[in-house]
Amino acid sequence: MSVQERIAAPLPDKGFMNGYLEALSLVERLHRLLLDVIKDEFERVGVLEINAVQALLLFNIGDNEVTAGELKSRGYYQGSNVSYNLKKLVEMGYMHHQRCEVDRRSVRVRLTERGREIRDVVAALFARHADGLEDTGVLGPTGVSDITTSLKRVERYWTDQIRYIY
């Protein structure tokens, strides 16, 4: 569909459009709130040298050995953001880095013992939250499944828009 055809296409239903915009805003707010919750937890346990994005990065890497490119391709982080944070985490002793034998331009990273301790703090936080959400009836297994299914569908749709529309 050309740009002119898109401009001439009928506008979406206002009710659906409003709901869609509200959902987009909520996803943004939830991500920022997640980072605030992680930051608050690290302040509570007295770890002040690491920020929430870096802690989440360590959590997402887990026991894997990865490159920055793999983290980007998995959709976790933007390019400059992940490179900067990986460098800082190596400098602070939370990650090991090593040049790949096959491609010397590529660097593989994995968590150090300090990094695994940070990962464990985040994992414990998420476990407490999961228990709390379920115990208080805020969200149960069916609700989590429904949300996850819907978000995966949106992710697939957006990915298809990037790959196939233009």
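What follows is a working conversation about a predicted model of one protein chain.

Biologist: Before we start, what kind of model is this, and how are the residues numbered?

Modeller: This is a predicted model, in which local features need pLDDT of at least 70 and side-chain atom pairs count only at pLDDT 80 or more, while totals for chains, interfaces and linings use all residues. Residues are numbered from 1 along each chain as its sequence is written, and side-chain values use heavy atoms, with hydrogens and water left out.

Biologist: How many helices and strands are there in the protein chain?

Modeller: The protein chain has seven helices and three strands. Their order from the N terminus is α-α-α-β-α-α-β-β-α-α. Helices (H or I, at least four residues) and strands (E, at least two) are DSSP runs, numbered from the N terminus.

Biologist: And what share of the residues is buried?

Modeller: Of the 166 residues in the protein chain, 20% are buried. Buried means under 20% relative accessible area, exposed means over 50%, and partly exposed lies in between (1.4 Å probe, protein chains only). The accessible surface of the chain is about 11900 Å², and carbon and sulfur atoms account for 56% of that surface. These areas come from the Shrake-Rupley method with a 1.4 Å probe, and for residues only the protein chains shown count as cover.

Biologist: Which residues have the most contacts inside the largest nonpolar core?

Modeller: They are L58, I61, L86 and M95, in a core of 23 residues. The elements giving two or more residues to this core are α2, α3, α4 (68–73), α5 (79–91), β3 and α6. Helix α3 provides the largest share, six residues. A nonpolar core is a set of buried Ala, Val, Leu, Ile, Met, Phe, Trp, Tyr and Cys residues joined through side-chain atoms within 4.5 Å.

Biologist: Why would such side chains gather inside?

Modeller: In soluble globular proteins, nonpolar side chains tend to be buried together.

Biologist: Take L86, then. What is L86 in contact with?

Modeller: Setting aside neighbours within four places in sequence, L86 is in contact with L57, I61, A68, L71, M95 and V109. Contact means heavy atoms within 4.5 Å. For the protein chain, among contacts between residues at least 6 apart in sequence, 53% join residues at least 24 apart.

Biologist: Now α6. What covers the buried residues of α6?

Modeller: The cover includes α2, α3 (52–61) and β3 (107–111). The buried residues of α6 themselves are G115, I118, R119, V122 and L125. Helix α6 (residues 113–135) has 23 residues and spans 32 Å from its first C-alpha to its last, close to the 33 Å expected at 1.5 Å a residue. That expected span is 1.5 Å times one less than the number of residues. Just after α6, G137 takes a positive phi of about 80°.

Biologist: Is T67 buried or exposed?

Modeller: T67 counts as buried because its relative accessibility is 11%. T67 lies in strand β1 (residues 66–67). Apart from neighbours within four places in sequence, T67 is in contact with C100, S106, V107 and R108.

Biologist: Changing topic, how many salt bridges are there?

Modeller: The count is 12 salt bridges, a salt bridge being a side-chain nitrogen of Lys or Arg within 4 Å of a carboxyl oxygen of Asp or Glu. In one of them, the side chains of R44 and D40 meet at 2.8 Å, N to O.

Biologist: Why are R44 and D40 separated by about one helical turn?

Modeller: Because they are four residues apart in helix α2. An α-helix has 3.6 residues a turn, so residues three or four places apart point the same way. R44 is exposed at 56% relative accessibility, whereas D40 is partly exposed at 35%. A network of salt bridges links D40, E41, R44 and R128.

Biologist: Which residues does E91 pair with?

Modeller: E91 forms a salt bridge with K87, the closest N and O atoms being 3.7 Å apart, and another with K88, at 3.8 Å. K87 and E91 are four residues apart in helix α5, while K88 and E91 are three apart in that helix. E91 is exposed, at 51% relative accessible area, and K88 is partly exposed, at 28%.

Biologist: Finally, which residues make the nonpolar surface patch?

Modeller: F16, M17, Y20, L21, V154, Y157 and W158 make this patch of about 680 Å². Patches are made of residues with over 30% relative accessible area and no salt bridge, with like charges joined within 9 Å and nonpolar side chains (Val, Leu, Ile, Met, Phe, Trp, Tyr) within 5 Å. Helices α2 (14–44) and α7 (141–165) each supply at least two residues of the patch, and α2 gives the largest share, four residues. M17 is in helix α2 and counts as partly exposed, at 31% relative accessibility.
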